[in-house]
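Here is a friendly walk through the model, one region at a time. Please keep the sequence and the 3D view open as you read.

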Amino acid sequence: MLQLSGNNEPDGAPSTLLDLRRGDAAILDRIDLPGDEARRLMELGFLPGARITAGFSAPGGDPRVFQVDGSEIALRRATARLLKTRPDKGTRLAADARIR
Amino acid sequence: MSVCGSCHGCETSVLELPRPAATRSATPKTIALVGPPNSGKSTLFNRLTGLRQKVANFPGVTVEQHTGVAELPDGRAVRVIDLPGIYSMSPRSEDEQVAYDVLTGKRADTPKPEAILLVLDSTNLARHLMLAAPILSLGVPTLIVLNMADDLRNRDGHVDREALSAQLGAPVALVSARRGEGIDEVFDFMAGALAKPTPTELPVLQDVPKCREWAGRVGRQARYQPPAPPQWTRRLDSVFLHPVAGPLVFALVVLAVFQTLFTAAVPLMNGVRWLFDVSGAWITATLPPSAFRSLLIDGVWKGVGSVVVFLPQVLLLFLFIGILEDSGYLARAALIADRTMARVGLQGKSFIPLLSAHACAVPAILSTRTIENKRDRTATILIAPFMTCPARLQVYTLIIAAFLPERRLLGVFSSRAAALLGLYALGFLAAVATAKALKSSILKSGSTQFLLEMPSYRWPTVQSLGLRLLDRSKVFLRRAGTVILLVMVILWVMAHVPTHDGRAPAIEHSFAGQIGHAIEPAIKPLGFNWKIGVGLITSLAARETIIGTLGAIYGMDPETHSGDLASAIHHDLTPGGAVALLVFFAFAMQCISTIAVVRRETGGWKWPALQFGYMSVLAYSGAFLAAHLIR
């Protein structure tokens, strides 16, 4: 529903926020959630094209904290799994320019 | 409101002198405070209004309404409404609906604000500016308050406020509400001529990405330089969210909270008790013996005193929770607790209400408002009254002191402390089991979305902590002055009528005694006699009244008149009955204030009725089992 670009990983399933290790960053590609829930995430900065960095997590790794758009937001793994990403290379400058 | 001496622009100056209170509230201009959560809105509200504020509910909805009066430098008063924190104006949640209705003048109970203070976090301006679009499009005079300006400066951020003001077509103030920087500008805006905002452009409001693009563009044109990442927050989080140190700190914090409850509060509580004893003795000595003196001392003074004694304990606990919340740690605690809470079907945000419920269920139930998922919120409300509050603690302490000799277990633990801890655990386990049952049946919900913003760590301010404690004291004392006072007076009357030849009857033949005897068959299986029965009835209003009640009954009974309350109870209850009484109090929902707040927060009688019924059945059967298993 929020598909803005189609360049997913060539092999198999697209990567998600869950695949990020602490300190890693990726570009958010789309949110596989119904309208209202996706909207709430977008208001917090999870917009397609935004650069997201994985931060600390609760003991046991769930929920996890993500740095996005100047703030730190905690998401459960079940939600993070539905936020599909694309790698943060080359696109970085363009994305930064768009959201700054 | 002070006399309006030299105020020119004050159109109502003629009517400014003393007037009935009813028309007074209509005169001040009304200003609304709007902003996203964590923008420091409440801190600014405290700055503007100080002690002149009150909290109520918007009628018909479960949204808290903070209103206050700000006094302008020229002496005029302005009514300030602190609206709930919102991320957008698309009315989806109840909070957003209320904010939208107030700002557009659709709520009959609230006057339409003539001006808006839009509070944004200047350290996260690009995202927070998104809210400026719908607010400015309302066409109401607006001041853009860029809060936390000290943080922005200290972390090498920058914003050109003139450029921002030009873009948004509205005045901009750089403010640090915590330090009081720039507050004068806010007052100047409130006192000055108000103009409608004239932004150069506005995005399509329904489109979040478009709004964000617009906010980014405005930020760039205002040469916004975001601050460096908060180093201290990252450093502290590397400890507080560390896989090993994190849970350890969490456990220490929870332990410290209970340590405060058990030990630090005791000298203060003894002080309050002493005050009531001394003043009670003074009243007894001053007044001639009469029925009125008896009512004043045995009814009012002892009854109210038995409740007010808890004030230090409740306040210390709220001070603790206030420090945790204002510093930002509570969000981390919720994060750490989330996984454990998820096991019983709840979520991390339920942790905060359940912790506060150990001080008092009423504010705890109010604090469930941060839980967006309605079913999770209802479940949290339904289990919160199982947490051991100070009222229960007082009953426990009395009964344990009457039956359990103080001994050392394994050389270290006190036997009485261990018994108390067991009762805390009993309440907690009942809550967990109930949550599990509710969340797998009537309140079942799919995997809940859990979104929690981690604010940067900040030093709590004395002002905001002080105002919070003042607010809690008011609620607490109002309860002692109304519900408890009323129950104690009614009880005193019931225990002193019908009179025989102008003299009070023996307690057994009074109305109170007759009622106790009437319910005795129902409570006999639990090991309780009619005196305990009277105590159970009065404790329906508030748990701790049973102590005042039993004190009054045993005090009037010649058989137990001489001894203290603990030995009188020991004389009247078997050990099985004592355990049954403890179990009964651990489970029963004996608190009118809690029932009232649950009704208000869930919007009807359905949930409080279910809760009261469930907890009563659990209390009765638990006590029945205890009375028959322990002999």
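## A cis proline in chain B

B:Pro498 sits in the loop between α20 (462-496) and α21 (511-523) of chain B. Helices (H or I, at least four residues) and strands (E, at least two) are DSSP runs, numbered from the N terminus. The peptide bond from B:Val497 to B:Pro498 is cis, and its omega is near -5°.

Some housekeeping before we go on: this is a predicted model, in which local features need pLDDT of at least 70, side-chain atom pairs count only at pLDDT 80 or more, and totals for chains, interfaces and linings use all residues. Residues are numbered from 1 along each chain as its sequence is written, while chains are lettered from A and ligands numbered from 1 in the order in which they are written.

## Confidence

The predictor gives the complex an ipTM of 0.81 and a pTM of 0.82. For chain B, the mean pLDDT (the predictor's confidence in each residue, from 0 to 100) is 85, and 92% of its residues reach 70 or more.

Where should you take care in chain B? Over residues 1-28 of chain B, pLDDT stays under 50, and the model has 21 contacts beyond four places in sequence for this stretch. Two residues are in contact if their C-beta atoms, placed from the backbone, lie within 7 Å. Where pLDDT is low, the predicted coordinates should not be read in detail.

## Where the chains meet

Chain A brings 28 residues to the contact, and chain B brings 28 residues. On the side of chain A that touches chain B, α1 (35-43), β4 (71-75) and α2 (77-80) of chain A each supply at least two residues. Of these, α1(A) gives the most, with six residues.

By class, this side of chain A has 13 nonpolar, five polar and ten charged residues. Here Ala, Val, Leu, Ile, Met, Phe, Trp, Tyr, Cys and Pro count as nonpolar, Asp, Glu, Lys and Arg as charged, and the others, Gly among them, as polar.

Which strands make up the open sheet, and in what order? Six strands form it, in the order β5(A)-β1(A)-β2(A)-β3(A)-β4(A)-β10(B), with antiparallel pairing. Two strands pair if DSSP finds at least two bridges between them. The edge strands, each pairing on one side only, are β5 (83-87) of chain A and β10 of chain B. From one strand to the next, the twist averages 45°. Helix α14 (residues 329-343) of chain B packs on the sheet and touches β4 of chain A together with β10 of chain B; the direction of α14 makes about 140° with that of β10(B). Axes are lines fitted to C-alpha atoms, for helices over the stretch in contact, and angles run from 0 to 180 degrees between N-to-C directions.

The two chains join in this sheet through four bridges between β4(A) and the antiparallel strand β10 (residues 451-454) of chain B. One pair to look up is A:Glu72, whose bridge partner in β10(B) is B:Met454.

Strand β1 (residues 25-31) of chain A runs antiparallel to β5(A), and five bridges join them. Along this pairing, A:Leu28 stands opposite A:Thr85, and A:Ile27 has A:Arg86 as its bridge partner. Three bridges join β1(A) to the antiparallel strand β2 (residues 51-57) of chain A; there, A:Ala26 is partnered by A:Ile52. Six of the seven residues of β1(A) are buried, so this strand is largely enclosed by the rest of the structure. A residue is buried if 20 or more other C-beta atoms lie within 10 Å of its own, exposed if 12 or fewer, and partly exposed in between; C-beta atoms are placed from the backbone.

## A helix pair in chain B

The axes of helix α11 (residues 245-286) and helix α12 (residues 291-308) of chain B come within 10 Å and cross at roughly 175°. The two helices are therefore roughly antiparallel to each other (angles over 145 degrees count as roughly antiparallel, under 35 as roughly parallel, 65 to 115 as roughly perpendicular and the rest as oblique).

From α11(B), the residues in contact include B:Val272, B:Phe276 and B:Ile283, and from α12(B) they include B:Leu296, B:Ile297 and B:Trp301. By class, this contact has seven nonpolar, three polar and one charged residues.

## Backbone details to inspect

Most residues other than glycine have a negative phi, and most peptide bonds are trans. In chain A, a cis peptide bond joins A:Asp62 and A:Pro63, with omega about -5°. A:Pro63 lies in the loop between β2 and β3 (64-68) of chain A.

B:Met148, in the loop between β6 (142-147) and α6 (149-154) of chain B, has a positive phi near 60°. B:Met148 counts as buried, with 31 C-beta neighbours inside 10 Å. B:Arg223 also has a positive phi, near 50°, and lies in the loop between α9 (208-221) and α10 (231-240) of chain B. With 11 C-beta neighbours inside 10 Å, B:Arg223 counts as exposed.
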